[in-house]
Amino acid sequence: MMTSAALRAWAEDSAEGKTSLLVASDNATVADLNARAQAMRQATGELDPHGRHAVLADHAHAWTGDVVVTRKNDRRLTVNNGRDFVKNGDTWTVQKVHRDGSAVLRHQHHGGQLTMSPSYLAEHTQLGYAASIHRAQGATVDTAHAILDERTDRPAAYVATSRGRESN
């Protein structure tokens, strides 16, 4: 019930053009939220599940328009004329998927673009609609929707419920 309410609120905020993040205490819930958020976007026609897709680390697929997160620093993968590089926790929008499984990604904060290899995608990239509390620390979005449970202690609850500028 809490999960469905968080997903509905995330979808409404996203439809209004807000940056919105789902936050959960464990990776299994994050993976479930990511899959459900992606399915919602497919159902509304925002994503074409029949087009080319990239394979991600958690065996998920990413289509043009999907949000993904990189999970490993790699200074060899640069953007913005070498002024920045791929970092753990960076969020990107998939711009295009090539036949070989590589994908053109646009950084969600500074707009830099790069082509990510299929091997990096398959080993170090996940869907980025939801984040664990630990990964969400330091993130700032318009709205955040946290799913808290008995494992969530006070410091983690603070992080999970304070990521949004407008609402949490």
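**Local features of the predicted model**

With a relative accessibility of 70%, H59 counts as exposed. In this predicted model, H59 occupies the loop that runs between β2 (54-55) and β3 (61-62). Although H59 is not a glycine, its phi is positive, at about 70°. A positive phi is also found at N80, which is likewise not a glycine, and here the value is about 55°. N80 belongs to the loop between β5 (74-79) and β6. The relative accessible area of N80 is 24%, and the residue is therefore classed as partly exposed, since this class covers values between the limit of 20% for buried residues and that of 50% for exposed ones.

N88 counts as partly exposed, because its relative accessibility is 43%. When neighbours within four places in sequence are left aside, the residues in contact with N88 are T70, R71, K72 and N73. With one of these, R71, a polar contact is formed from side chain to side chain, at 3.0 Å. A further distance concerns R135, which is 47 residues from N88 along the chain; the C-alpha atoms of N88 and R135 are separated by 9.2 Å.

Strand β7 itself is represented by V94, which has its place in this strand. V94 has a relative accessibility of 3% and therefore counts as buried, the limit for this class being 20%. Residues up to four places away in sequence not being counted, V94 touches A62, W63, T64, G65, D66 and V68, and also A103, V104 and L105. Between V94 and A144, which are 50 residues apart in sequence, the C-alpha to C-alpha distance is 22 Å.

The side chain of S102 makes a polar contact with the side chain of D100, at 2.6 Å. Apart from neighbours within four places in sequence, S102 is in contact with K96 and V97, with T115, M116, S117 and P118, and with L121.

The packing of two helices was also considered. In general, such a pair is described by the angle between the two axes and the distance between them. Helix α1 spans residues 2-15 and helix α2 spans residues 27-43; the two pack at an angle of about 45°, and their axes lie 11 Å apart. The crossing of α1 and α2 is right-handed. On the side of α1, the contact is made by T3, S4, L7, W10 and A11, while α2 contributes D32, L33, R36, A37, M40 and R41. Of the residues in the contact of α1 with α2, six are nonpolar, two are polar and three are charged.

How values were computed
Residues are numbered from 1 along each chain as its sequence is written. This is a predicted model: local features need pLDDT of at least 70, side-chain atom pairs count only at pLDDT 80 or more; totals for chains, interfaces and linings use all residues. Side-chain values use heavy atoms; hydrogens and water are left out. Axes are lines fitted to C-alpha atoms, for helices over the stretch in contact, and angles run from 0 to 180 degrees between N-to-C directions. Helices (H or I, at least four residues) and strands (E, at least two) are DSSP runs, numbered from the N terminus. A crossing is left-handed if the near helix is turned anticlockwise from the far one by less than a right angle, and right-handed if clockwise. Contact means heavy atoms within 4.5 Å. Ala, Val, Leu, Ile, Met, Phe, Trp, Tyr, Cys and Pro count as nonpolar, Asp, Glu, Lys and Arg as charged, and the others, Gly among them, as polar. Buried means under 20% relative accessible area, exposed over 50%, partly exposed in between (1.4 Å probe, protein chains only). A polar contact is a pair of N or O atoms within 3.5 Å; within protein, one must be able to donate a hydrogen and the other to accept it, and residues adjacent in sequence count only if both atoms are side-chain atoms.
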